[in-house]
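Here is a short briefing to read alongside the coordinates. It goes through the strands and then the aromatic rings, so keep your viewer open.

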Amino acid sequence: MSILITFDLDNTLWDVAPVIMRAEYAMESWFEERFPGFSLQYSLLAREELKGQVLSKNPEMAFNLTAIRLAVYKLALKQFGLPSEEAESVAGAALAHFCEWRQKVDLYPHVVDVLEALSQDYALAVITNGNADVFHPYVGLGQYFDFAVRADQVGVAKPAVDVFSMAAKKAGVDLSELIHVGDHPMDDVFGASNAGAKSIWFNRHGAQRWGDDWGACSHAEIHSLLELPTVIRSLML
C-alpha cells in the first residue's frame, strides 16, 4: 500500500511568530528607506484596518495571504500619495522582499532527521494555508518533499476537503492512504479526518483537547516530531 505523509508548515516544522515579526521589521525598514514617514503612518495596526477593508470588498480573498498582503500594500501606497501605476509596481517589489524574509525560518529540533528518515519509506508532501515555500533555499527542506499544495496557489484552504483530495490525487493515492501531520485542531486535524484521511495532531505545547467531538477526530497525538516514525507505523497496522 502506498502511503503519503503530508505536513503543515507553520507551527509544525517551525515557529511562525518570530518569522513574521522579523519580516515585518524588515518591511518597515524597506518602506522607510524609500518613503520616509510611510512606516509611521501605516503601522501594523493601521495595516490591519486596511486588511479589513480589503476583505470586506473581496471576501473570496480570505484564504490567500499573499494576495491580501499585496492588496494592503497597494492600498496603503495609494493613500500615501503614489499614483496607481507606481503603487502597483512598488507593492509588487515590497511583496517580493517580504516573501524572501518569510522563508527565513528556524526549524524545530529534529525536523531534518525525522524528514530524512520518513523520506526513505514514504512519499512526503506539504499542505499549507500559509505562503512559506518549502522549496526555497532559505527553508532548505525541498529535497524531502515531492510537492506542496499551497492555499494561495490552488484557491482552496484547509480544512476544506478539496485541499486534501488535491494532494492525494497528485500523489496517486487514495485519501485513506494519506496521513496528515499538523498543529491546528480545525485546519489540520478536523480537516484531514473529515476528508477521509488520517490525522496526527502535533501538540507541541501540550494543549488540552477541545472537547470530545473534536478529540475524536485525531487518529494520534504527538508532542515531539521524534515520535512520528513510530506513530505512523502504528497507524498502518
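## Sheet and rings at a glance

His180 stands opposite Ser199 in S5. That contact is a handy way into this predicted model, where four bridges join S4 to S5 and the two strands run parallel. From there the notes below move out across the sheet and on to the aromatic pairs.

**The sheet as a whole**

- Six strands form an open sheet in the order S3-S2-S1-S4-S5-S6, with parallel pairing.
- At the edges are strand S3 (147-150) and strand S6 (220-222), each of which pairs on one side only.
- On average, neighbouring strands of this sheet are turned by 25° against each other, direction ignored.
- As background, strands of a sheet pair through backbone hydrogen bonds, either parallel or antiparallel.

**Around S4 and S5**

- Strand S1 (residues 4-7) pairs with strand S4 (residues 178-182) in the parallel sense over four bridges, and Thr6 stands opposite His180 in S4.
- To get from S4 to S5, the chain passes through helix H9 (residues 185-195), and this β-α-β crossover is right-handed.
- S5 is largely enclosed by the rest of the structure, because four of its five residues are buried.
- S5 also pairs with S6 in the parallel sense, over three bridges; here Ile200 has Ala220 in S6 as its bridge partner.
- Helix H11 (residues 228-235) lies across S1, S4, S5 and S6 and runs at about 155° to S5.

**Aromatic pairs**

- How many aromatic pairs does a search of the whole structure find? There are eight.
- One of them joins Phe38 and Tyr42: the ring centres are 5.1 Å apart and the planes are at 35°, so this pair is tilted. Both Phe38 and Tyr42 are buried.
- Tyr108 and Phe202 make an edge-to-face pair, with 6.1 Å from centre to centre and 70° between the planes.
- Tyr108 lies in the loop between helix H5 (84-102) and helix H6 (111-119), and Phe202 in strand S5 (residues 198-202), so the pair ties together parts that are 94 residues apart in sequence. Both Tyr108 and Phe202 are buried.
- Ring pairs also link Trp30, Phe31, Phe35, Phe38, Tyr42, Tyr73 and Phe80 into a cluster.

**Charges over rings**

- Arg204 lies over the face of Tyr108, at 3.8 Å from the ring centre.
- The charged end of Arg69 sits over the ring of Phe98, 3.6 Å from its centre.

Technical notes:
Residues are numbered from 1 along each chain as its sequence is written. This is a predicted model: local features need pLDDT of at least 70, side-chain atom pairs count only at pLDDT 80 or more; totals for chains, interfaces and linings use all residues. Side-chain values use heavy atoms; hydrogens and water are left out. Rings of Phe, Tyr and Trp (its six-membered ring) pair if their centres lie within 6.5 Å; planes under 30 degrees apart count as stacked, over 60 as edge-to-face and the rest as tilted. Buried means under 20% relative accessible area, exposed over 50%, partly exposed in between (1.4 Å probe, protein chains only). A charge sits over a ring if NZ of Lys or CZ of Arg is within 6 Å of the ring centre and within 35 degrees of the ring normal. Two strands pair if DSSP finds at least two bridges between them. Axes are lines fitted to C-alpha atoms, for helices over the stretch in contact, and angles run from 0 to 180 degrees between N-to-C directions. Contact means heavy atoms within 4.5 Å. A crossover is right-handed if, with the strands pointing away from the viewer, the path from the first strand over the helix to the second runs clockwise.
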